[in-house]
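Let's take a friendly walk through this model, from its core to a few individual residues. Please keep the sequence and the 3D view open as you read.

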Amino acid sequence: PENTMPAFMLALRHGYNAVETDVSVTRDGHFVLLHDATVDRTSDGTGAIADMALEEARRYDYGAWFDEKYRGAVLVTLTEFLEWCRMTNIRPVLELKTDTAYDPALALRLVRTIKEAHMWDRCDIISFGMAQLKMVAAVDNTARFAHIGVPTPDSIAELKALGRNVYYSIYGGDLAAGAALCRAHGLKYISSTNDGDMIRLSNRLGCFGICTDSLNLAGCVF
């Protein structure tokens, strides 16, 4: 089940060197790992995570919806995840959700949380929302940042303005065209795919990495 410790540990066993997860915020200001704005789809509870205190959100089960063998999986806090990443030498890739409005205070708390776990120089901060990235980079732009989506000249310019360590996570659109645009602007890029043919294409196009949630390596011979 997504964003749970069983999923992270499975990625480790399969040899991945980085794990992407989704960062949301509870009513009482705790950073937790949840993709949706509500807990409805991925737990036995209901309601918006932004309306729940951490104690309430952690009462629910986040595994049984996926498979009964995962019953008992709990909501993971960002701090817990970062500590696990540090111990296992996994690179955390933290997606900031666009339904969370980052103001300077929240951005500062996020940066402090990551730094307190001694992972600021070992993590990626990514988002579909450029506003979220800008707010965090305004606090400290020395982490690695990425914008997710279809590259455009304007979005590439905004991304490069964040700092020196940035890349594009190409998602949607024509991969070859997006890769060519990034190369033309001297920007590194990765692709998101679960397909063996697209893995080969990503390699040929110079992607330095792949983001996947269900990798199909059938016929994937380089």
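## A buried phenylalanine

F145 is buried, with a relative accessible area of 0% (buried means under 20% relative accessible area, exposed over 50%, and partly exposed in between, using a 1.4 Å probe and protein chains only). This is a predicted model, in which local features need pLDDT of at least 70 and side-chain atom pairs count only at pLDDT 80 or more, while totals for chains, interfaces and linings use all residues. Residues are numbered from 1 along each chain as its sequence is written, and side-chain values use heavy atoms, with hydrogens and water left out.

You will find F145 in strand β5 (residues 144-149); helices (H or I, at least four residues) and strands (E, at least two) are DSSP runs, numbered from the N terminus. Leaving out residues up to four places away in sequence, F145 touches I125, L133, V136, A137, D140, L159, L162, N165, V166 and Y167, where contact means heavy atoms within 4.5 Å. F145 and V93 lie 52 residues apart in sequence, and their C-alpha atoms are 9.4 Å apart in space.

## The nonpolar cores

Which residues have the most contacts inside the largest nonpolar core? They are L78, F81, Y102, I114, I125, V136 and F145, in a core of 46 residues. A nonpolar core here is a set of buried Ala, Val, Leu, Ile, Met, Phe, Trp, Tyr and Cys residues joined through side-chain atoms within 4.5 Å. Apart from this core lies another, of nine residues, including L34, V39, I49 and L54. In soluble globular proteins, nonpolar side chains tend to be buried together.

Setting aside its neighbours within four places in sequence, Y102 is in contact with V23, F31, L96, A107, L110, Q132, M135 and V136.

## How the helices pack

Start with helix α1 (residues 5-13) and helix α3 (residues 78-88), whose axes come within 12 Å and cross at roughly 20°. That makes α1 roughly parallel to α3, as angles under 35 degrees count as roughly parallel, over 145 as roughly antiparallel, 65 to 115 as roughly perpendicular and the rest as oblique. Axes are lines fitted to C-alpha atoms, for helices over the stretch in contact, and angles run from 0 to 180 degrees between N-to-C directions. On the α1 side, M5, F8, M9 and L12 meet F81, W84 and T88 of α3. The residues of this contact divide into six nonpolar, one polar and no charged (Ala, Val, Leu, Ile, Met, Phe, Trp, Tyr, Cys and Pro count as nonpolar, Asp, Glu, Lys and Arg as charged, and the others, Gly among them, as polar).

Helix α3 also packs with α4, at an angle of about 35° and with the axes 9 Å apart. Here L78, T79 and L82 of α3 meet L110, T113 and I114 of α4. By class, the contact of α3 with α4 has four nonpolar, two polar and no charged residues. Next, the axes of helix α4 (residues 104-116) and helix α5 (residues 130-139) come within 9 Å and cross at roughly 65°, which makes α4 roughly perpendicular to α5. P104, A107, L108, L110 and V111 of α4 make the contact with M135, V136 and V139 of α5. Its residues comprise eight nonpolar, no polar and no charged.

## Two asparagines with positive phi

Most residues other than glycine have a negative phi, and most peptide bonds are trans. N3, in the segment before α1, has a phi near 60°, a positive value in a residue other than glycine. Phi of N89 is also positive, near 60°.

Are these asparagines buried or exposed? N3 is buried, with a relative accessible area of 9%, whereas N89 counts as exposed at 60% relative accessibility. N89 lies in the loop between α3 and β3 (91-96).

T77 sits in the loop between α2 (54-57) and α3 and is buried, with a relative accessible area of 11%. Not counting residues up to four places away in sequence, T77 touches F31, V32, L33, L54 and R58.

M198, in helix α8 (residues 196-204), is partly exposed, with a relative accessible area of 29%. With residues up to four places away in sequence left out, M198 touches L175 and T193. The C-alpha atoms of M198 and I210 are separated by 9.8 Å, and these residues are twelve apart along the chain.
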